[in-house]
Amino acid sequence: MSLLRLVIGVPAFGGVAAISSCRGFGRRLEQRLFSLSLPARPVRPEAMHPGLRQESGVIYRDFSNAVRSWKGGAILRQAGMQSRFAAEAERWVQQAFSEPSPPPVPSATNESANGTALVAPTTSCVAQLYSYLMTRIDARPDSFLSLPEDALSPRGDTLGEVAGPVLLSGGDRNAAMLDQVVANHARFARAHGYAHWWHKGSLVAARGWQPYWHKVEQLRLATRRFRNASAFVWVDDDIVLTNLRDGDRFAQALRRSPASLLVTRDPSSKHAEVNTGIIILRNTKRGRAVLEALWSRADQWRADGTSLSTDGQASCLHEQQALEEMLQSGEWASEIGVLEQRAPGAWNLNTFLRWSHYDAEREADRRYEEDSRAGAWAHGDFAGHCSGLSQLRRAMCMGALLGNVVVA
């Protein structure tokens, strides 16, 4: 039995699925997907243009448009509608492009601490389409570096000449909507004079480390490539910058705290104190020292035998845990600033859009009822973070946020 059959339950060599819940648009898209030859080379969506008729790329565009068109984006424009948004999201996952499915049923064997576990009875049409599509499309742009016009040097030493801030992002996770999120980051960088470095893949894979440490290594490399930069800002690839009208919140963060390295609180204090989805680093001697100290903890010997570099999420929180331990130490606490996700006035940074659901890919409940209300994304916030969601729901979240970007 092939991996394809295991993932979505269809014949391994094309043809229409023997058992399918897809109807209408979903069935037509399903048939187009199954018509693709196996194996197929990934198609980079950013290379598409209206005259390019490469079928896999066109299918990706059609699916992305459908994800961005669900009702969630419109619901988010109304204040206090998070519960309605979550309900509509789960309805869409189960029923989009298909005949209505039975609602999730209580599990007799897998109760979470926050209530009855949710177990989806079957794989929905849209979940099947997403799983199969992402074996055909690589939505990650190729690695690139964009420089602001005033950073270009006639001597050619452009990286050393960059004196402003540098925006960084990257990763090895292939996900729908990612190409559009990277474009969103690029738009912000251009508007505010940032150099922008996106890296496709994991810079720590060769070490056998978990990809969570990629951000720390990319920051370390940036401090060497951009010697004269004023600051470095890491932004996770599931964060959409949703307010491009009201200024540069990263620059404001540097004015709010004199610390060398800045992060925000995590919305779930039950699991973590800090969140590293956004990291702001001053390009100073102390800032670089904090970063190196964080990196050194990745493979540091620990009495409990845990490896922050190689163990899975069930055992540790990787760079996030390392940073929290540094906060608790006397040596580094004053160099690390933990900003509130929301504060009196108009301040907000790294607020989250997520909801409780059953993650069939990991066979686990995702429960967020105890998240801080102050950490919940609202229309007009600067940056929305789609963390802790299943792959399909992450794409839905990013699509909804992309449809709610506030511009001048």
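Me: Are C386 and C397 buried or exposed?

Reply: C386 is buried, and C397 is buried too. Buried means under 20% relative accessible area, exposed over 50%, and partly exposed in between, with a 1.4 Å probe and protein chains only. This is a predicted model: local features need pLDDT of at least 70, side-chain atom pairs count only at pLDDT 80 or more, and totals for chains, interfaces and linings use all residues. Residues are numbered from 1 along each chain as its sequence is written, and side-chain values use heavy atoms, with hydrogens and water left out.

Me: What makes C386 and C397 a disulfide?

Reply: Their S to S distance is 2.0 Å. A disulfide is a pair of cysteine sulfur atoms within 2.5 Å, so the pair qualifies.

Me: Why is the disulfide of C386 and C397 called left-handed?

Reply: The torsion about its S-S bond is about -80°, so it is left-handed. C386 lies in the loop between β14 (383-385) and α13 (391-402), and C397 in helix α13, so the link ties together parts 11 residues apart in sequence. Helices (H or I, at least four residues) and strands (E, at least two) are DSSP runs, numbered from the N terminus.

Me: How many disulfides does the structure hold?

Reply: It holds 2. Another joins C22 to C125, S to S 2.0 Å. With 105° about the S-S bond, that link is right-handed. C22 sits in the loop between α1 (3-8) and α2 (25-34), and C125 in helix α6 (residues 125-133), 103 residues apart.

Me: Why is C22 called buried?

Reply: Its relative accessible area is 0%, so C22 counts as buried. C125 is also at 0% and buried.

Me: Why is C316 called buried?

Reply: Its relative accessible area is 3%, so C316 is buried.
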